[in-house]
Amino acid sequence: MAEQGLKHTPLYKLHVTLGAKLVPFGGYEMPVNYPAGIAAEHRAVRERVGVFDVSHMGEFEVSGPDRNAFVQQVTCNDVGALKPGQAQYSAILTEQGTFVDDCVVYRFDDRLMLVVNAGNIARDWQHIVAQKRGANVRLRDISDQTGLLAVQGPQAEQLLAPLTPVGIAMIPYYHFVEGTVAGVQCFISRTGYTGEDGFELYSRSGDLETLWHALVGAGRAEPCGLGARDTLRLEAGYPLYGSDIDDTVTPYEAGLGWIVKLDKGAQFTGLAALKRQKLAGVQRRLVGFKLLEPKMVARHGYQVYVDGMQVGIVCSGTVTPTANAAIGMTYLPAAQASPGSRFVIDVRGKRTEAEVVRMPFVPRNTKK
């Protein structure tokens, strides 16, 4: 039975039929894995192709004459650098320069779309609407009407190509086109959260099941849940909102300074705070680490120590199938954040040594 108050994606019944283990996530009841298990799903994406139902993500549409100027104001990357058909990783920030959320901005001929994290939809919407003031824009929360499948892995292009008249081999990374897949009208975006080549297919909610059946099954793609999505993104060194980034952290601290365009000519929310931080330098940095002791695993929330003093907690941490090691992310004082630095994690009462390593943990195979 569904837990009280949890929402469902359009494919919920299908996940139940497939024997998925369902868990609460971002206000939704979502598949964490299918009977094959997380490691098998993870390997399917690294070696072949997997499909994720990520319809829990939020989508906001911004149209009207002031749309570009408005999105410039509410996000920190430079929307002016986007041409129609391009996407951009960005963030919505507080006045303090910390994350309200990370997001992807899509630019169409006549509108922009912001894709946000499921658990933040209501808060993000409120934050954006509050900044509308006199702007001549129309804002629409289209999250419930929009379905989203992520098709990820080295064989993603090979799987999709026969199902669409669109020349998907020609779509560059972080670009998208509008067209049909398996007869379903959607837009096809060469993006993802796994470190592999792949596409994200946005369609109307009611068409999602048709898309799923065209993509998933014997000889096609493996169905994949949130468990594999998490191990894949961790290996790729991608932060997760709520674990690695939140409203206490700035993009500079999180190693995401490249999405902050201080000189884009727009007074975006958080600009003044980030200018000050850039001038002063950051006190801490998000780092990747590897545990040095065998059979020990550092998980979210475990305490992190430098020179006997607690400096934070493990943000993300687990053993992942491709890296085949206990890896994770944490914040360390800037002076201790260089690769090769050693620190200590309390793993269930045992002080365990860890070493800072460069991210990503596994090379990314995204389309160049």
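Me: Two strands pair if DSSP finds at least two bridges between them. What makes strand 4 and strand 7 a pair?

Reply: The model is predicted; local features need pLDDT of at least 70, side-chain atom pairs count only at pLDDT 80 or more, and totals for chains, interfaces and linings use all residues. Residues are numbered from 1 along each chain as its sequence is written, and side-chain values use heavy atoms, without hydrogens and water. Now the pair: 6 bridges join strand 4 (residues 58-63) to strand 7, and pairing needs at least two, so the two strands pair. They run antiparallel. Gly58 stands opposite Val116 in strand 7. Strands are DSSP E runs of at least two residues and helices are H or I runs of at least four, numbered from the N terminus.

Me: How many bridges link strand 6 and strand 7?

Reply: There are 4, in the antiparallel sense. Val104 has Val115 as its bridge partner in strand 7. Val105 stands opposite Leu114 there. With 3 residues between them, strand 6 and strand 7 form a hairpin.

Me: Why is strand 6 called largely enclosed?

Reply: 9 of the 9 residues of strand 6 are buried, so the rest of the structure largely encloses it. Buried means under 20% relative accessible area, exposed over 50%, partly exposed in between (1.4 Å probe, protein chains only).

Me: Which residues of strand 7 lie on each side, and are they buried or exposed?

Reply: One side has Arg111, Met113 and Val115, the other Leu112, Leu114 and Val116. All are buried, and both faces are covered. In a regular strand the side chains alternate between the two faces of the sheet.

Me: How many aromatic pairs does a search of the whole structure find?

Reply: It finds 12. One of them is Tyr106 with Phe187: centres 5.5 Å apart, planes at 65 degrees, hence edge-to-face. Rings of Phe, Tyr and Trp (its six-membered ring) pair if their centres lie within 6.5 Å; planes under 30 degrees apart are stacked, over 60 edge-to-face, the rest tilted. Tyr106 in strand 6 (residues 99-107) and Phe187 in strand 11 (residues 184-189) are 81 residues apart, so the pair links distant parts of the chain.

Me: Why is the pair of Tyr106 and Tyr202 edge-to-face?

Reply: The planes stand at 75 degrees, with centres 5.5 Å apart, so the pair is edge-to-face. Tyr202 is in strand 12 (residues 198-204), 96 residues from Tyr106. Both residues are buried. Tyr106, Phe108, Phe176, Phe187 and Tyr202 form one aromatic cluster.

Me: What lies over the face of Phe108?

Reply: Arg111, at 3.8 Å from the ring centre. A charge sits over a ring if NZ of Lys or CZ of Arg is within 6 Å of the ring centre and within 35 degrees of the ring normal. Arg284 lies over the face of Tyr331, at 4.9 Å from the ring centre.

Me: Which residues touch the most other members of the largest nonpolar core?

Reply: Phe52, Phe99, Tyr106, Met113, Ile245, Val260 and Phe268, out of 46 residues. Such a core is a set of buried Ala, Val, Leu, Ile, Met, Phe, Trp, Tyr and Cys residues joined through side-chain atoms within 4.5 Å. Elements that give two or more residues include strand 5 (86-93), strand 6, strand 7 (111-116) and helix 8 (271-280). A second, separate core of 26 residues includes Leu11, Ala20, Leu160 and Ile171.

Me: What is the order of the 6 strands in the open sheet?

Reply: The order is 10-11-12-9-3-13, with mixed pairing. Strand 10 (176-181) and strand 13 (222-224) are the edge strands, because each pairs on one side only. Strand 10 and strand 11 pair in the antiparallel sense over 6 bridges. In strand 11, Ile188 is the bridge partner of Val177.
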